[in-house]
Amino acid sequence: METTREFFKLFVQFINTADDNLAQQLISPVAKFYVPGQAEPLQGPKGYLMIISMMRSGFPDIQWTIEDMITENEKVAVRFTMRG
């Protein structure tokens with residue numbers, strides 16, 4: 001469980017800073033992200049950074065915080081609050 005908490009602590013740091021080094025550490029190169037209005041999914045760290053950039057274009061001061069985290073076996077559910 002501590003490993004999961006550490007991962008999400010870094011993940012929140014990543015999405016709040018759009019740090020490319022953290023993106024490379026945390027986002028799988030084969031991960032796909034489906035975005036409304038995009039014909040093809042975005043992929044990997046670069047794709048996730050594009051999503052963060054889209055969010056920041058509307059909310060330049062956007063910040064995420066973790067409110068709750070539940071783990072069960074190999075599944076994790078996290079509730080975030082986004083402010084901007």
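Which residue takes a positive phi in the hairpin of strand 3 and strand 4? In this predicted model, the residue is N73, with a phi near 55°, in a hairpin that has two residues between the strands.

**The hairpin**

Strand 3, which covers residues 63-72, and strand 4, residues 75-83, run antiparallel and are joined by nine bridges. Within this pairing, E72 stands opposite K75 of strand 4. N73 itself is placed in the loop between strand 3 and strand 4, and because its relative accessible area is 78%, above the 50% cut-off, N73 counts as exposed.

Most residues other than glycine have a negative phi. With a relative accessible area of 30%, A18 is partly exposed.

**The core**

The largest nonpolar core holds 17 residues, and the members that touch the most others are F11, F14, I15, I27 and Y48. Two or more residues come from each of helix 1 (2-17), helix 2 (20-26), helix 3 (44-58) and strand 3, with helix 1 giving the most, namely four residues. In soluble globular proteins, nonpolar side chains tend to be buried together. Leaving aside residues up to four places away in sequence, I15 touches Y48, I52, R56 and W64.

Helix 3 has 15 residues and reaches 22 Å from its first C-alpha to its last, which is close to the 21 Å expected at 1.5 Å a residue.

**Aromatic residues**

The model contains eight aromatic pairs. One of them joins F11 and F80 in a tilted arrangement, at 6.4 Å centre to centre and with 55° between the planes. Because F11 lies in helix 1 and F80 in strand 4, this pair ties together parts that are 69 residues apart in sequence. The two partners also belong to one aromatic cluster, which is formed by F7, F8, F11, F14, F33, Y48 and F80.

| Residue | Relative accessible area | Class |
|---|---|---|
| P41 | 24% | partly exposed |
| A18 | 30% | partly exposed |
| N73 | 78% | exposed |

**The loop at P41**

P41 lies in the loop between strand 1 and strand 2 (42-43), and its relative accessibility of 24% makes it partly exposed. Not counting residues up to four places away in sequence, P41 touches K32, F33 and Y34. Between P41 and N21 there are 22 Å in space, C-alpha to C-alpha, and the two are 20 residues apart in sequence.

**Confidence**

The protein averages a pLDDT of 94, and 98% of the residues score at least 70. Confidence is lowest in helix 1, at a mean of 92, and highest in strand 1 (residues 32-33), at 98.

Notes. Residues numbered from 1 in each chain as written. Predicted model: local features only at pLDDT ≥ 70, side-chain atom pairs only at ≥ 80, totals over all residues. Heavy atoms only, no water. Pairing = 2+ DSSP bridges. Core = buried A, V, L, I, M, F, W, Y, C linked by side-chain atoms within 4.5 Å. Buried < 20%, exposed > 50% of the residue type's maximum accessible area, 1.4 Å probe, protein only. Contact = heavy atoms within 4.5 Å. pLDDT = per-residue confidence, 0-100. Expected span 1.5 Å × (residues − 1). Phe/Tyr/Trp six-rings, centres within 6.5 Å; stacked < 30°, edge-to-face > 60°.
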